[in-house]
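Please examine the sequence and the structure shown below before reading on. The briefing that accompanies them is arranged by topic.

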Amino acid sequence: MGDTIRSAEVSKPPFSVLFVCLGNICRSPAAEAVFTNIVRKRGFESKFKIDSAGTIGYHEGNPADSRMRAAANKRGIEVTSISRPVRPSDFRDFDLILAMDMQNRDDLLSAFERWSQKEKLPKDAYKKVKLMCSYCKKHSETEVPDPYYGGPQGFEKVLDLLEDGCEVLVDNILSDKCQELPIDEGTFSS
Ligand code: 4NP
C-alpha cells in the first residue's frame with residue numbers, strides 16, 4: 001500500500017536555497033547557517049539543499065570570517081561554509097537565490113545576463129533572485145549591511161536581520177511548497 005506514497009516522497013527533490021553576498025565570508029555563510037539551524041530544529045533539514053556564494057571569488061576556499069563565526073556561535077549557530085563564487089549553474093540548480101543587499105542583487109542579475117549569452121540557462125531564472133530583507137517582519141531595513149569593515153555590533157545586526165528573515169522565509173517555503181512533507185524522523189526538536 002505504501003509503495004506509491006513512498007516512491008513519490010523519495011522522488012520529490014529538495015527545495016534549494018542559495019544565499020549570496022559579496023565575499024561569501026560574512027553575511028551569506030551566516031544566512032546559510034541561520035537557515036539550516038531553523039529547518040534542522042523543525043525537522044525538515046533533509047528536505048532542503050542550502051548553500052551560499054559570493055559575487056566575487058577573492059576569498060574562495062576560505063572559511064567564514066572569525067568575527068562572524070564567533071557572533072553566530074554565541075547564539076548557538078555554527079557557521080561552517082567555505083567561500084566560493086557564484087557560478088552559472090546556480091541559476092539552474094537553485095529554486096531561490098537570496099541577495100544580502102541591492103549591489104549583490106544587481107551583480108547577480110548582470111552575471112545572469114552575461115552568462116545567458118554564453119550558455120543555456122532557464123530564461124526566467126533571474127526571477128529566483130530576491131532580497132533577503134524582503135522577508136524580514138520585525139525589521140524595516142531593506143538590506144543586510146556589510147559588517148566587514150565595522151565593529152562587533154555590525155555582526156550582531158546581520159544576525160538579527162537573518163534570524164528574522166530566515167524564519168519568515170522558512171514559513172513561506174513550507175506553506176507554499178512543502179506543506180505535505182513528513183518531518184525528518186528523529187531530528188525534530190523545539
Ligand atoms: P560579505 O563581507 O560580503 O558579507 O562576505 C565582505 C567580505 C569581504 C570583503 C567585503 C565584504 N572584502 O572587501 O574583502
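The model is predicted. The protein contains six helices and four strands, and from the N terminus on these elements follow the order α-β-α-β-α-α-β-α-β-α. Of its 190 residues, 47% count as buried.

**Overall make-up**

- The accessible surface of the protein comes to about 10200 Å², and carbon and sulfur atoms account for 51% of that surface.
- Among the contacts in the protein with a separation of 6 or more, 78% are made by residues 24 or more positions apart.

- Four strands form an open sheet in the order 2-1-3-4, with parallel pairing.
- Strand 2 and strand 4 (129–131) each have a single partner strand and stand at the edges, so one side of each is left without a neighbour in the sheet.
- From one strand to the next, the twist averages 25°.
- In general, the strands of a sheet pair through backbone hydrogen bonds, either parallel or antiparallel.
- Strand 1 and strand 2 run parallel and are joined by seven bridges; Ser16 stands opposite Lys49 in strand 2.
- Strand 1 (residues 15–21) also pairs in the parallel sense with strand 3 (residues 96–99), over four bridges. Here Val20 has Ala99 in strand 3 as its bridge partner.

**Strand 1 in detail**

- Is strand 1 mostly covered or mostly uncovered? It is mostly covered, as seven of its seven residues are buried.
- In a regular strand the side chains alternate between the two faces of the sheet.
- In strand 1, Phe15, Val17, Phe19 and Cys21 point one way, while Ser16, Leu18 and Val20 point the other way, and all are buried.

**Helices lying across the sheet**

- Helix 2 (residues 27–41) lies across strand 1 and strand 2, and runs at about 170° to strand 2.
- Helix 5 (residues 102–118) lies across strand 1, strand 3 and strand 4, and runs at about 170° to strand 4.

**Surface and exposed loop residues**

- Leu22, Ile56 and Tyr58 form a nonpolar patch on the surface, and together they have about 310 Å² of accessible area.
- Tyr58 is placed in the loop between strand 2 (48–54) and helix 3 (66–74). Tyr58 counts as exposed because its relative accessibility is 67%, and the cut-off for exposed is over 50%.
- Ser140 lies in the loop between strand 4 and helix 6 (152–176), and counts as exposed at 72% relative accessibility.
- Ser140 and Leu161 are 21 residues apart along the chain, and their C-alpha atoms are separated by 9.4 Å.

**Salt bridges**

- A search of the whole structure finds 16 salt bridges.
- In one of them, the side chains of Glu156 and Arg75 meet at 2.8 Å, N to O. Glu156 lies in helix 6 and Arg75 in the loop between helix 3 and helix 4 (90–93), so the pair ties together parts that are 81 residues apart in sequence.
- Arg75 also meets Glu163 in a salt bridge (2.9 Å, N to O). This pair links distant parts of the chain, with Arg75 in the loop between helix 3 and helix 4 and Glu163 in helix 6, 88 residues apart.
- Arg75 is partly exposed at 26% relative accessibility, Glu156 is partly exposed at 24%, and Glu163 is partly exposed at 29%.
- Arg105 forms a salt bridge with Asp106, with the closest N and O atoms 3.5 Å apart.
- Which residues do salt bridges with shared partners join into one network? They are Lys74, Arg75, Glu156, Asp160 and Glu163.

Conventions:
Residues are numbered from 1 along each chain as its sequence is written. This is a predicted model: local features need pLDDT of at least 70, side-chain atom pairs count only at pLDDT 80 or more; totals for chains, interfaces and linings use all residues. Side-chain values use heavy atoms; hydrogens and water are left out. Patches are made of residues with over 30% relative accessible area and no salt bridge: like charges are joined within 9 Å, nonpolar side chains (Val, Leu, Ile, Met, Phe, Trp, Tyr) within 5 Å. Accessible areas come from the Shrake-Rupley method with a 1.4 Å probe; for residues, only the protein chains shown count as cover. A salt bridge is a side-chain nitrogen of Lys or Arg within 4 Å of a carboxyl oxygen of Asp or Glu. Helices (H or I, at least four residues) and strands (E, at least two) are DSSP runs, numbered from the N terminus. Buried means under 20% relative accessible area, exposed over 50%, partly exposed in between (1.4 Å probe, protein chains only). Two strands pair if DSSP finds at least two bridges between them. Axes are lines fitted to C-alpha atoms, for helices over the stretch in contact, and angles run from 0 to 180 degrees between N-to-C directions. Contact means heavy atoms within 4.5 Å.
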